[in-house]
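The following exercises ask the reader to work from a sequence and its model to conclusions about contacts between side chains. Each task is followed by a solution in steps.

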Amino acid sequence: MARFRFDLLFLLLAIHFAPSLSDLVISKLDRRIDLTSQIVRMSLSLKVENTGPDPVSEVSLTFPEHQAKNLALLMAVSTEGKGKTKGFSSNLPIHVKQPEDSPASLIWYAVSLPKGLGKGESLTLEALAVFTHLLQPFPEKITQAEAQLFVFQDSAHFLSPYNVKIQSVTVKLPSENVESYSKLENTKFSGSEIKYGPYENLPALSYSPVVIHFPSNKPFAVAKELVREIEISHWGNVQVTEHYDLVHGGAQSKGEFSRLDYQARPQVRGASAFRNLIAMLPPRAHSIYYRDAIGNISTSNIYGDSSKTLLEIEPRYPMFGGWKTSFTIGYGLPLRDYLFQSGGSRFLNISFGSPMNDVLVENLTLKVVLPEGSRDISVSVPFAAKQSRETKFSHLDIAGRPTVVIEKVNVVPEHNQYFQVHYKFSNVSLLTEPLMLIFGFFSLFVACIIYMHADFTISKSSASYLAKLQWDEVQATIQQLQDIINHCLAVHDKLEASLRELSRTGDVQACKAVRKSADTLLKDLSKDFKPLLAFLQSSPQASHILPKVEELVVKERDLQEKIMLKHMTVVDSYEKKSGGRDIENRVALIQQKIVALKQEVDDLLEFVEDI
């Protein structure tokens with residue numbers, strides 16, 4: 001409240017030093033202020049008379065700075081006639097026209113009249129001013145169970161730079177409940193309306209401050225950012241995608257949130273929250289979806305008739321003051337309902353703002369994605385907005401799709417008017433993507449046919465091919481050598497097993513028979529080594545492995561000799577009836593050499609296998 005008093009003092013000083021205009025007089029001024037939602041709408045009806053000698057082409061409207069900086073829309077029309085014969089002109093041009101000697105805390109807007117207003121003539125102006133963020137929560141923070149209260153500050157006298165013969169103002173509240181309001185002369189409170197006036201013979205820039213403190217639990221849904229993308233496909237569809245970053249712009253929620261209390265008594269324990277929003281979509285909208293970063297949100301309903309389609313969306317949690325959420329809605333529209341042709345060009349005719357009337361959009365970015373190949377692009381928007389161009393790439397695009405970008409701040413439902421995007425497009429361009437697909441598949445099939453019928457093997461006369469063949473032969477030879485070595489080792493194991501059987505049964509003849517058979521087999525295997533070694537010695541591809549292979553063969557022969565020697569020594573000892581201790585002493589040194597040779601053979605085999 002202290003801030004309000006400071007603003008009031010500053011405004012009164014500004015009014016005191018502001019210039020007044022005397023050529024025009026307002027014979028009657030009716031003002032109506034609607035506070036039933038977060039968007040404040042002020043309707044004015046002014047009957048203006050020219051009492052000066054010269055024609056007047058402009059009428060000035062003034063607003064305090066704290067209102068002007070939150071002014072989302074200002075429009076005016078002139079009227080003629082009365083009753084059923086009453087007619088309206090088109091929207092009159094309005095621009096800021098600040099007098100040089102006017103303080104900065106008072107903003108002047110000049111309304112250009114359709115024709116000059118001569119001496120003694122009069123006309124009636126109907127104006128609409130739409131404001132955002134004029135309602136301030138007081139208190140600024142509330143608990144889950146408390147209702148929202150807001151403060152609205154204005155004047156019972158409209159800040160007109162002209163003398164006013166008679167004026168009044170009516171303030172419409174959301175309900176009949178009110179905490180407090182300024183009680184001035186000629187104040188009447190009836191139902192949900194407070195009326196100040198009529199007041200007569202007011203001087204220019206007359207100001208009488210009023211403050212109204214009232215409850216309101218209407219949805220204060222504020223879209224901090226809305227990116228709305230409209231993509232045109234000449235194959236019959238207009239795809240609309242809207243990304244919302246939403247916040248509850250009312251009194252901030254403090255304390256803990258109880259889901260149980262909210263579920264039990266939502267009208268009491270969640271009066272300040274809103275649970276759903278209604279989007280009014282075109283009647284033939286189809287393929288509608290509602291999702292967020294997690295995925296599809298199933299808490300939505302669709303109702304429709306021949307004139308509209310209503311999409312009721314419900315966030316994943318109730319929205320209390322200061323709480324935020326982000327989501328996306330999307331839908332398709334029939335192309336023929338929104339794209340038209342005129343004079344050799346095409347134009348899109350579609351609405352500008354958000355389809356949710358309860359949402360105030362602080363920053364709106366509207367992107368219209370045109371088909372690739374569009375040219376001579378122009379945009380017609382019924383109000384001031386920032387425009388730019390960019391390029392979007394999608395499936396099968398070559399040069400990209402030209403995109404019109406329109407940006408605007410403080411977008412209210414009154415901005416949801418139709419705008420047009422004009423461009424030229426050749427029907428031949430429609431064949432670009434189908435032809436690309438046909439050519440792509442054709443090229444794929446041709447490539448497959450060539451691959452299946454072509455011979456991609458390396459030439460048999462090339463050096464690399466011959467080297468590969470030689471290396472394959474070397475590998476095969478080494479594998480044969482490994483097999484022979486493993487066979488020899490298996491024979492060695494049989495000899496060792498026959499000695500263990502001898503110690504158990506004492507059958508010397510059976511043990512000799514095993515040795516004779518093993519000796520014959522080992523001699524045959526030794527013969528198989530010679531051609532394999534000869535091949536490796538003659539092959540340049542085996543030069544790096546040949547020393548290890550030769551060493552492996554030598555070690556295996558040494559191992560074979562030691563095992564035969566051990567076998568003969570043990571058998572001879574058994575024939576001479578030697579004791580077990582004597583036999584062990586005779587073969588101890590031989591056994592040590594056998595163990596060492598076995599380890600060396602195993603290591604060499606592992607090395608050769610790795611290669």
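Rings of Phe, Tyr and Trp (its six-membered ring) are taken as a pair if their centres lie within 6.5 Å. The model to which this criterion is applied is a predicted one.

**Exercise 1. Aromatic contacts**

Task: State which residues form one aromatic cluster, then count the aromatic pairs and characterise the pairs Y244 and F327 and F352 and F419.

Solution. 

Step 1. The cluster consists of F257, Y262, Y317, F320 and W323.

Step 2. Applying the ring criterion to the structure gives 17 aromatic pairs. One of them joins Y244 and F327, whose ring centres are 5.0 Å apart with 20 degrees between the planes. Since planes under 30 degrees apart count as stacked, this pair is stacked.

Step 3. Y244 belongs to strand 18 (residues 237-248) and F327 to strand 24 (residues 324-334), so that the pair links distant parts of the chain, 83 residues apart. Y244 has a relative accessible area of 1% and is therefore buried. F327 is likewise classed as buried, at 4% relative accessibility.

Step 4. In the pair of F352 and F419, the centre-to-centre distance is 5.9 Å and the planes make 85 degrees, an edge-to-face arrangement. F352 lies in the loop between strand 26 (345-351) and strand 27 (359-369), whereas F419 lies in strand 31 (residues 418-424); the two are 67 residues apart, and the pair links distant parts of the chain. F352 is buried, at a relative accessible area of 0%, and F419 is buried with a value of 0%.

**Exercise 2. Charges over rings**

Task: Identify the ring over which the charged end of K548 sits, and the ring whose face K183 lies over.

Solution. 

Step 1. The charged end of K548 is placed over the ring of F607, at 5.4 Å from the ring's centre.

Step 2. K183 lies over the face of Y181, with a distance of 4.2 Å from the ring centre.

**Exercise 3. Salt bridges**

Task: Count the salt bridges in the structure and describe where the partners of E242, E229 and K523 are placed.

Solution. 

Step 1. The total is 23 salt bridges.

Step 2. E242 pairs with R228, and their closest N and O atoms are 2.6 Å apart. E242 is in strand 18 and R228 in strand 17 (residues 221-233), 14 residues apart. Both E242 and R228 are buried.

Step 3. E229 forms a salt bridge with K392, the closest N and O atoms lying 2.9 Å apart. Because E229 is in strand 17 and K392 in strand 29, the pair ties together parts that are 163 residues apart in sequence. K392 has 25% relative accessibility and therefore counts as partly exposed.

Step 4. K523 is bridged to D519, with 3.4 Å between the closest N and O atoms. K523 and D519 are four residues apart in helix 7 (residues 508-538), so about one helical turn separates them. D519 is partly exposed, at a relative accessible area of 29%.

Step 5. Shared partners also join salt bridges into a network, which comprises E229, E231, K392 and R401.

**Exercise 4. Cysteines**

Solution. 

Step 1. C488 is buried, at 0% relative accessibility. C448, by contrast, is partly exposed, at 39%.

**Exercise 5. Surface and a helical contact**

Task: Name the residues of the nonpolar surface patch, and state how far M568 and R515 are from each other in sequence and in space.

Solution. 

Step 1. The patch is formed by L396, L437, F441, L444 and F445, which together have about 480 Å² of accessible area.

Step 2. L396 is located in the loop between strand 29 (386-392) and strand 30 (401-411). Its relative accessibility is 34%, so L396 counts as partly exposed.

Step 3. M568 is part of helix 8 (residues 546-575) and is partly exposed, with a relative accessible area of 41%. M568 and R515 are 53 residues apart in sequence, while their C-alpha atoms are 8.5 Å apart in space.

Conventions. Residues numbered from 1 in each chain as written. Predicted model: local features only at pLDDT ≥ 70, side-chain atom pairs only at ≥ 80, totals over all residues. Heavy atoms only, no water. Patch = residues over 30% accessible without salt bridge, like charges linked within 9 Å, V, L, I, M, F, W, Y side chains within 5 Å. Areas by Shrake-Rupley, 256 points an atom, 1.4 Å probe, with all protein chains shown as cover. Salt bridge = Lys/Arg side-chain N within 4 Å of Asp/Glu carboxyl O. Buried < 20%, exposed > 50% of the residue type's maximum accessible area, 1.4 Å probe, protein only. Phe/Tyr/Trp six-rings, centres within 6.5 Å; stacked < 30°, edge-to-face > 60°. Lys NZ or Arg CZ within 6 Å of the ring centre and 35° of its normal.
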